[in-house]
Amino acid sequence: MEIPSKYEPKRVEENWYSYWMKHDFFSSKPDDREPYTIVIPPPNVTGVLHMGHMLNNTLQDVLIRRARLLGKNACWVPGMDHASIATEAKVVSKLKEEGIEKADLSRDEFLKHAWDWTNEYGGVILQQLKKLGCSCDWERTKFTMDDDMSASVIKVFVDLYEKGLIYRGYRMVNWDPQAKTTLSDEEVIYEERQGSLYYLEYPIEDSDEKVTIATTRPETILGDTAICINPNDERYRHLKGKKAIVPICNRVIPIIEDEYVDMEFGTGCLKVTPAHDENDKNLGDKHNLEVVDIFNEDASLNSYGLHYQGKDRFVVRKEISKELEEKGFLVKTEQHTNKVGTSERTKAVIEPRLSDQWFLKMEGLAKPALEGVLKTNDIKLYPKKFENTYRHWMENIRDWNISRQLWWGQQIPAYYFGDGKDDFVVAETKEEALKKAQSQNPKIQESDLRQDADVLDTWFSSWLWPISVFGGILEPDNKDITYYYPTSDLVTGPDILFFWVARMIISGYEYQGKRPFENVYLTGLVRDKQRRKMSKQLGNSPDALKLIEDFGADGVRVGLLLSSAAGNDLMFDEALCQQGKNFANKIWNAFRLIKGWEIADLEQPESAKTGIDWYTARFNQVLAEIEDHFSKYRISDALMAIYKLVWDDFCSWLLEIVKPAYQKPIDRTTYNAVIDLFEQNLKILHPFMPFLTEEVWQHITERTPEEALIISSWPKVENTDATLISNFDFAAEVISGIRTIRKEKNIPQKESLELSMVNSEKVGSQMDSIITKLGNISQLDTVGAGLDGALSFRVKSNEYFIPMGGAIDIEAEIKKITEELNYTRGFLQSVQKKLGNERFVNNAPEKVVAIEKKKAADAQAKIETLEKSLASLE
């Protein structure tokens with residue numbers, strides 16, 4: 001095949017991805033090899049590729065491709081999450097654009113629209129992952145709403161209910177008024193917001209007296225059912241047993257006493273609104289207070305809101321505060337900062353709301369999952385620092401609110417057949433539900449059963465993901481689950497450590513009696529150069545596909561990973577992708593250089609043999625470092641080690657050592673060795689840069705599909721010759737010294753030089769041939785003492801001399817050194833003058849004086865060196 005002059009990412013990527021797919025290299029079936037399994041953190045079906053996905057999936061692909069090269073049966077299961085709230089919101093929005101309201105549709109009609117939307121727009125992200133080079137087993141793609149996945153979820157719900165772990169409760173929940181559904185505590189994000197504290201006067205019944213309370217939510221006074229004072233507060237002791245009148249609605253409410261009230265906050269009096277605050281609800285239960293709910297499900301006011309009925313809560317807040325002021329009830333307002341709960345998905349401000357919901361008891365279920373991470377080390381978190389976060393969540397776990405007031409998702413398998421709250425049965429199918437109901441009342445017909453309208457929390461399906469993707473819930477001992485479970489590694493973000501990771505661990509121990517994975521690699525967040533989290537709102541998130549188009553998939557992969565240490569946020573800069581692209585071009589050009597050499601049956605030069613021996617040793621040294629990095633999930637460190645090995649050691653040193661003279665051939669032994677080492681480089685680079693490496697691999701020689709790089713073998717660490725590496729490092733410093741003198745004295749590389757050495761440090765002559773070639777040295781010898789009239793440099797305790805001969809103009813050199821010497825002496829005098837000034841030394845900061853002293857010392861050392869150089873020339 002003809003080698004193109006330039007590396008063309010787009011052509012290469014399309015070609016090799018098709019090739020890999022055609023030859024089924026990504027697919028996995030149980031066999032006698034060791035399995036290596038990753039399940040993808042399923043992106044939302046509504047999603048498109050963003051920077052977080054790029055980082056996360058690149059890391060997974062690196063691990064999968066390396067496992068494949070290690071000879072393991074690598075299986076990466078892709079899939080998508082149905083994302084109840086996000087998807088339903090998109091479908092509702094689309095219907096509104098068409099003039100259709102969700103409320104006007106039956107459940108079945110709405111679900112048809114949801115499936116149509118999913119089939120048309122869903123799964124875009126999976127196609128985009130292919131552009132990145134992700135080698136998932138696409139035949140195993142799962143969707144959390146697939147029939148078997150839904151059946152698994154329903155089976156688990158019924159099982160947990162029958163174990164007494166799922167129950168129905170009337171509780172205060174987090175209500176998202178935009179999505180019109182409840183949220184779990186973990187789906188609520190608390191933000192500090194600037195608001196107001198309103199001081200309101202409540203008249204005391206049958207009295208001219210008034211009592212002042214402070215509230216951040218004046219609209220909720222219409223739901224007040226008591227005022228509470230602290231029994232130890234002498235200011236209000238006289239109000240015990242009396243009643244107050246709520247402004248505007250004129251409801252007469254009791255004044256109750258409870259030590260819960262903070263006497264220092266506000267006025268020390270608390271309005272109690274049991275329907276709209278969890279703490280108030282607890283007080284209400286304790287004191288048997290009436291519960292008045294003033295909100296509709298969209299957080300507009302209902303009939304208890306009087307003349308504000310139908311208006312949004314925030315509109316009412318402005319209007320009611322104005323009315324309270326006009327009627328003399330508003331004493332004053334103050335600026336106040338408080339934490340406001342918002343929906344993770346819709347960003348709407350959460351309303352506490354009393355509601356019948358389904359809950360899962362978590363405390364008992366969580367114990368094995370807590371021990372598996374923190375006691376037995378059955379599961380390891382990388383970085384380890386996240387164990388503290390995990391401990392906090394798991395030791396303070398609360399019952400999980402698993403019901404959502406949505407239609408898109410797995411419908412809760414509870415069937416009601418009477419008027420009472422407890423007249424229901426839980427079953428996997430309606431037929432089974434009928435049998436259970438008839439065991440309580442034989443007259444019940446199927447038409448009498450009404451299935452619960454709510455669906456399950458999306459996380460209630462994804463917590464089963466490592467088990468359900470292999471059919472392990474419906475068939476606990478099937479071939480796939482027995483072979484692939486527990487999975488090997490999980491790569492995800494720390495923001496879902498509790499939402500998803502901890503819950504998968506819980507379900508794994510509950511339903512398989514084993515951990516779901518061995519290692520959890522927690523990535524950082526991708527931020528911009530200003531450390532801001534990337535988001536659509538800020539407009540600071542680049543188009544992921546455009547980056548691939550501009551820099552190539554390999555360039556983007558390298559750019560992301562070079563600065564993405566585990567658990568630390570990545571400050572993304574497109575310059576990183578340019579660096580990745582440059583690296584790809586460097587490798588391509590190195591390959592073209594090698595393939596451009598003419599080969600002949602010649603004797604191998606000593607320099608080439610030594611260079612190849614050195615690089616082989618260096619390769620094994622770096623390979624050992626890489627293995628260590630991978631064992632600790634320092635993926636970016638592994639890449640950086642490979643990057644330096646290939647760019648510096650292979651391209652900058654080895655190729656220079658073995659390169660034949662201009663228009664001369666290279667000996668066959670050296671050429672074959674260089675190609676072999678290049679292939680070893682390609683193998684360790686392949687997980688990071690799959691497209692480029694496969695392209696070069698296939699250009700090196702004609703290969704069958706069985707010889708493709710993707711299924712070749714990862715190199716094994718051989719013994720490393722540390723002395724050889726050390727000697728080369730020394731020789732490299734000598735060569736750098738020669739190159740520095742050439743540069744400073746404008747001596748061209750093609751002009752050969754003589755080099756003499758006073759050898760104090762015995763490094764042997766092993767590297768002499770390399771020094772001779774790369775330094776273009778015509779004669780290299782060891783002398784007992786320094787040479788007069790020669791330029792010198794030092795490497796450790798060895799001193800090297802280059803006689804001047806005709807290489808430089810001695811008079812011009814003397815003039816140049818004299819000028820530099822005079823300038824440096826003058827500079828030293830000015831610094832010494834400053835240091836001789838007592839006022840400066842006594843008054844200047846210690847740091848400033850220290851800097852001046854260092855300047856003087858450096859100038860003195862430079863003068864000594866220049867004087868020595870001058871003496872050798874005169």
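Q: How do α16 and α17 sit, roughly parallel or roughly perpendicular to each other?
A: α16 and α17 are roughly perpendicular to each other (65 to 115 degrees; under 35 is roughly parallel, over 145 roughly antiparallel, the rest oblique).

Q: At what angle do helix α16 and helix α17 pack, and how far apart are their axes?
A: The angle is about 110 degrees, and the axes lie 6 Å apart. Helix α16 covers residues 544-551 and helix α17 covers residues 553-561. Axes are lines fitted to C-alpha atoms, for helices over the stretch in contact, with angles from 0 to 180 degrees between N-to-C directions. Helices are DSSP runs (H or I, at least four residues), as are strands (E, at least two), numbered from the N terminus.

Q: Which residues make that contact?
A: From α16, L547, I548 and F551; from α17, A553, G555 and V556. Contact means heavy atoms within 4.5 Å.

Q: What sort of model is this?
A: A predicted one: local features need pLDDT of at least 70, side-chain atom pairs count only at pLDDT 80 or more, and totals for chains, interfaces and linings use all residues. Residues are numbered from 1 along each chain as its sequence is written, and side-chain values use heavy atoms, with hydrogens and water left out.

Q: Switching to charges. How many salt bridges?
A: The count is 54 salt bridges (side-chain nitrogen of Lys or Arg within 4 Å of a carboxyl oxygen of Asp or Glu).

Q: What does R11 pair with?
A: E695, in a salt bridge at 3.1 Å, N to O. The two are 684 residues apart, with R11 in helix α1 (residues 9-22) and E695 in helix α22 (residues 690-700).

Q: Is E695 buried or exposed?
A: Buried, with a relative accessible area of 2%. R11 is partly exposed, at 35%. Buried means under 20% relative accessible area, exposed over 50%, partly exposed in between (1.4 Å probe, protein chains only).

Q: What about D649, which residue does its side chain meet?
A: R618, in a salt bridge at 2.8 Å, N to O. D649 counts as buried, at 11% relative accessibility.

Q: And E852, which partner?
A: K834, with a salt bridge at 3.8 Å, N to O. E852 lies in helix α27 (residues 846-873) and K834 in helix α25 (residues 810-835), 18 residues apart. E852 counts as buried at 6% relative accessibility; K834 counts as partly exposed at 38%.

Q: Which residues form a network of salt bridges?
A: R217, E219, R313, R317 and E351 are linked in one.

Q: Now the nonpolar side. How many residues in the largest core?
A: 205 residues. Those with the most contacts inside this core are W358, L360, Y390, M394, F460, F650 and F688. α20 gives the largest share, 15 residues. A nonpolar core is a set of buried Ala, Val, Leu, Ile, Met, Phe, Trp, Tyr and Cys residues joined through side-chain atoms within 4.5 Å.

Q: What does L360 touch?
A: L160, L165, I166, L365, D399, W400, I402, F460 and W463, leaving out residues up to four places away in sequence. Another core, of 29 residues, lies apart from the largest one, with Y202, I229, V316 and L324 among them.

Q: Last one. How many disulfides?
A: A search of the whole structure gives 0 (a disulfide is a pair of cysteine sulfur atoms within 2.5 Å).
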